[in-house]
Amino acid sequence: MLAAVAWYVGAAASAAVVLVVLGVRALLQRLYHSIPPAAPRVLAGRHDPQGCVLFRTIPAMRDKIAWVPLGDYPTPVSRMAYCDPESERRVEVYLKREDLASAKYGGNKTRTLEFQLGCVIEQCKRTGGRWAAVGGPGSNQIVASAVFAREHGVDFMGLPLGPERASLDNAMNIVSMMSLPGWQGSWKKPLLQLVPRLVRAIFFSKDVFSMPGGNNPTGALGHVGAVLELCEQIRDGVLPQPRHIFLPIGSSCTTAGIAAGIAVARALRVGFEAEVTLHGVPIHHGAEKAPPVLRWAIRKVAKDTLALLKACGGPDAIPHLDRFLATGLQLHCGYAGKYGGWTPAALAAKQTVELAEVSPGAHPKPWMCSTFSSKATAAMLDYLRTAPAAAAGPAVLWCTKSRVQPRGVPLDDVLWDGCVEELDAGARQWLAHGHISCKADYDSAAARFVKVPAPESTAE
């Protein structure tokens, strides 16, 4: 009798696990395909295609996929000289200043959104749905989406979901979200309340959802353009071709786009003929425990992006991608700590950058945040300290954290009393752990925010 009961309990548990796995898979597939490529109809003729490096390089794409200009390109290249804290040697690296991409909100998400938001505008005009972005409470993707949805008149909602460690950087992102359209209230709610709401919205509404980090082909396509832009800068003598490129891996959208971009550059013979290693640094403690899964995800998004590019009139670069990924992608695990939180190595990297010299002097030093940039920098410092002579060559740090912390309305008593004070206890505690526990902390942090003016016209 007991054996029979145990068998039924085991079978039920196994079935429950299978159902959860299938449900998660279906959810991710729905998110991944929620923003498919769309031809420019609403946006036809709105923007100068010469402002898009992909359109300049592959003119056939212009009438195949929607695009909106969000950044000021090309993003600059800086040089950073630092004293290695262990060897005390002077080291010089190049910085690709994606963090300076826009005065409204920079970082890698600006490029992620240029094609993605164009396709969102086309789809929402057709269906009447809203646009939603999903991410952690410190999500740069949600902040960027809120900023540019407001600029282009798209009905938006941000859905920050935990868990993510609190820090001042992440707390400031939450305050940015509260000051911009699309704020949905506290994110520190029981999972059993959030999941049904999310499932209903994703599967049973007309709304359009972004993958966390914008990780799908329409998002990665912008980073293909970043590589082609870098090829132009190499050709113009701004920097030599890098032997190494370092960047953090969150959703892997940027990494997949850069890998695809190197393949496209080789297929078109416009750059990166010489050997280059793409150094990805996982910043989530779960992801860094499964490097094969991470490699599979990067390969899938990169291949899907190249398939989209070919369908839009670009070259068949997948053979070049396969050859590159076989030897050119290196993952540096062990730097994540807990997702969103500081680690000793990340804090040491932050201090090293604070003491470094950046030129030209007009360029500010990159923002070393607790989640992304500090951990990629820590891996770069370690690698360059111990790299074999055979791997010597110019290194580029891809600066992905925006130098701009945006706000949509004044960070005054109204926002504090109307949003922050009304958060539930769990959310207030999270903000306190992120060093915004009272109005004085809030006022002090507010000095770091940049007002993003409302657009004169919000109708696309």
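In this predicted model, the side chains of Lys303 and Asp322 meet in a salt bridge, with 3.3 Å from N to O. The pair links distant parts of the chain, since Lys303 belongs to helix H9 (residues 291-311) and Asp322 to helix H10 (residues 318-327), 19 residues apart. Lys303 is partly exposed at a relative accessible area of 28%, and Asp322 is partly exposed at 29%.

**Other salt bridges**

- A search of the whole structure finds 20 salt bridges, and a network of them links Arg79, Arg90, Glu92 and Glu357.
- Arg385 and Glu86 form a salt bridge at 3.4 Å, N to O, which connects helix H12 (residues 373-386) with the loop between E1 and E2 across 299 residues.
- In that pair Arg385 is buried, with a relative accessible area of 17%, whereas Glu86 is exposed at 61%.
- Arg243 pairs with Glu275, their closest N and O atoms being 3.4 Å apart; Arg243 lies in the loop between H7 and E6, and Glu275 in the loop between H8 and E7.
- Here Arg243 counts as buried at 13% relative accessibility, while Glu275 is exposed at 55%.

**The sheet and its helices**

- Seven strands form an open sheet with mixed pairing, in the order E8-E7-E6-E10-E2-E1-E9.
- Strands E8 (329-331) and E9 (357-359) each have a single partner strand, so one side of each is left without a neighbour in the sheet.
- Strand E7 (residues 277-282) pairs with E8 in the parallel sense over 3 bridges, and Gly280 stands opposite Leu331 in E8.
- Helix H8 (residues 253-268) lies across strand E6 (244-249), E7, E8 and E10, and runs at about 150° to E6.

Definitions and conventions: Residues are numbered from 1 along each chain as its sequence is written. This is a predicted model: local features need pLDDT of at least 70, side-chain atom pairs count only at pLDDT 80 or more; totals for chains, interfaces and linings use all residues. Side-chain values use heavy atoms; hydrogens and water are left out. Two strands pair if DSSP finds at least two bridges between them. Helices (H or I, at least four residues) and strands (E, at least two) are DSSP runs, numbered from the N terminus. Contact means heavy atoms within 4.5 Å. Axes are lines fitted to C-alpha atoms, for helices over the stretch in contact, and angles run from 0 to 180 degrees between N-to-C directions. A salt bridge is a side-chain nitrogen of Lys or Arg within 4 Å of a carboxyl oxygen of Asp or Glu. Buried means under 20% relative accessible area, exposed over 50%, partly exposed in between (1.4 Å probe, protein chains only).
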